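Work through the exercises below with the model in view. Try each task before you read its solution.

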Amino acid sequence: MGSASREALARSVSALAGLGSKADLATAEDLFAAGRVVADSAQLRSVLSDPSAPAEGKAALVQRVFASLSAPAVELLSVVSGERWSNQDDVLAAIEELGIRSIAASSPRNVDIPGELFAFGGAVTSDAELELALRSKLADPEAKAALAERLLAGKASKQTVAIVRQLVLQPRGRSVRESLRDAARVVAAQYGQTIATVVTATPLPAEQAERLRTSLAATYGDLKLNEVVDPSILGGLRVQIGDDVIDGSVASRLTELRLQLAG
């Protein structure tokens, strides 16, 4: 996002916080639905992202088009419409993020939404046919969403199911893994956490994972670990937190050694 969009998003998130308990799963569902309507309408996208259009006029348009939605959702959409965005894609991203944050803010804290998103992502990326089925542009979006819901039935919370359904219905050019990672980051941010992706050759024992999380938290603050098993790194581990990468994998050290020998 450009600087204008980042500032607009921050104000929109503040508006969400101001709604308190009024913003919930139903609000998120309404926001997701509205985002898909906006995505399908070039005229709506153009008007809502036009910085020269009067904010009052855009708010009136939102209230007219989305009159059937809940009051909290319409209020948030009105806030979004009144902000200045760098481009149309950022408007869609903001609506989706507000929906995901509404879910995170209203869900019980014992519901591990990031963990469920990561688990689903791992299941999808480990099955090439499933990943193809979910990302195919030729398949009916509702059929893909129904497939994702069947896969998650009994394995994930209703909050996670709602988020995954939205990501499948409106991928916005992202891969399944990328969209799930983005959603987990937003949920973690709503909880005041940062995502640390830890790649190891074999699964980390629970105690070791917790020691690693505690150690990283001393530098980066409250963290949520996303554990990825990749045998190709051979041993050790690789950690990514935002733009920071800590690479202590055996594969990385072997590569460095080969480069030194070649030099």
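Angles under 35 degrees count as roughly parallel, over 145 as roughly antiparallel, 65 to 115 as roughly perpendicular and the rest as oblique. The model is predicted: local features need pLDDT of at least 70, side-chain atom pairs count only at pLDDT 80 or more, and totals for chains, interfaces and linings use all residues. Residues are numbered from 1 along each chain as its sequence is written, and side-chain values use heavy atoms, with hydrogens and water left out.

**Exercise 1. Two helix pairs**

Task: Describe how α2 packs on α3, then how α3 meets α6.

Solution. 

Step 1. Two packed helices are described by the angle between their axes and the distance between the axes. Axes are lines fitted to C-alpha atoms, for helices over the stretch in contact, and angles run from 0 to 180 degrees between N-to-C directions. Helices (H or I, at least four residues) and strands (E, at least two) are DSSP runs, numbered from the N terminus.

Step 2. Take helix α2 (residues 25-40) with α3. Their axes are 5 Å apart, at an angle of about 105°. α2 and α3 are therefore roughly perpendicular to each other.

Step 3. List the contact (heavy atoms within 4.5 Å). α2 brings Val-37, Val-38, Ala-39 and Asp-40, and α3 brings Ala-42, Leu-44, Arg-45 and Leu-48.

Step 4. Sort by class. Ala, Val, Leu, Ile, Met, Phe, Trp, Tyr, Cys and Pro count as nonpolar, Asp, Glu, Lys and Arg as charged, and the others, Gly among them, as polar. The contact of α2 with α3 has 6 nonpolar, no polar and 2 charged residues.

Step 5. Now take α3 (residues 42-49) with α6 (residues 88-106). Their axes come within 9 Å and cross at roughly 90°. So α3 and α6 are roughly perpendicular to each other. Arg-45, Ser-46, Leu-48 and Ser-49 of α3 touch Gln-88, Val-91 and Leu-92 of α6. By class, this contact has 3 nonpolar, 3 polar and 1 charged residues.

**Exercise 2. The sheet**

Task: In what order do the 4 strands of the open sheet stand?

Solution. 

Step 1. Two strands pair if DSSP finds at least two bridges between them. Strand β1 (residues 194-200) and strand β3 (residues 237-241) run antiparallel, joined by 5 bridges. Ala-196 stands opposite Ile-241 in β3.

Step 2. β3 also pairs with strand β4 (residues 244-247), in the antiparallel sense, over 4 bridges. Val-239 has Ile-246 in β4 as its bridge partner. β3 and β4 form a hairpin with 2 residues between them. In the turn, Gly-242 has a positive phi of about 65°.

Step 3. Read off the order: β2-β1-β3-β4, with mixed pairing. β2 and β4 stand at the edges, each with a single partner strand, so one side of each is left without a neighbour in the sheet. The twist averages 15° from one strand to the next.

Step 4. α12 (residues 206-220) lies across β1, β2, β3 and β4, and runs at about 130° to β2.

**Exercise 3. Pockets and a cavity**

Task: What volume does the largest pocket have, and how much space lies in the largest cavity?

Solution. 

Step 1. On a 1 Å grid over the protein atoms alone, a cavity is a set of points where a 1.4 Å probe fits but cannot get out, and a pocket is an open set with protein on both sides within 12 Å along at least five of seven lines; lining residues have an atom within 4 Å of a point. Grid points are joined across faces, edges and corners, and a volume is the space filled by probe spheres set on the points.

Step 2. The largest pocket has a volume of about 820 Å³. Of its 29 lining residues, the closest to its centre are Phe-118, Arg-181, Thr-197, Asn-226 and Val-228. α11 gives the largest share of the lining, 6 residues. The lining has 11 nonpolar, 10 polar and 8 charged residues.

Step 3. The second largest pocket holds about 270 Å³. Among its 16 lining residues, Met-1, Leu-9, Ala-93, Glu-97 and Arg-185 are the closest to its centre. α6 supplies the largest share, 6 residues. The lining divides into 7 nonpolar, no polar and 9 charged.

Step 4. The structure holds 1 cavity of 30 Å³ or more. About 80 Å³ of space lies in the largest cavity. α8 (128-135), α10 (158-169) and α11 (176-190) each give two or more residues to its lining. That lining has 8 nonpolar, 2 polar and 2 charged residues.
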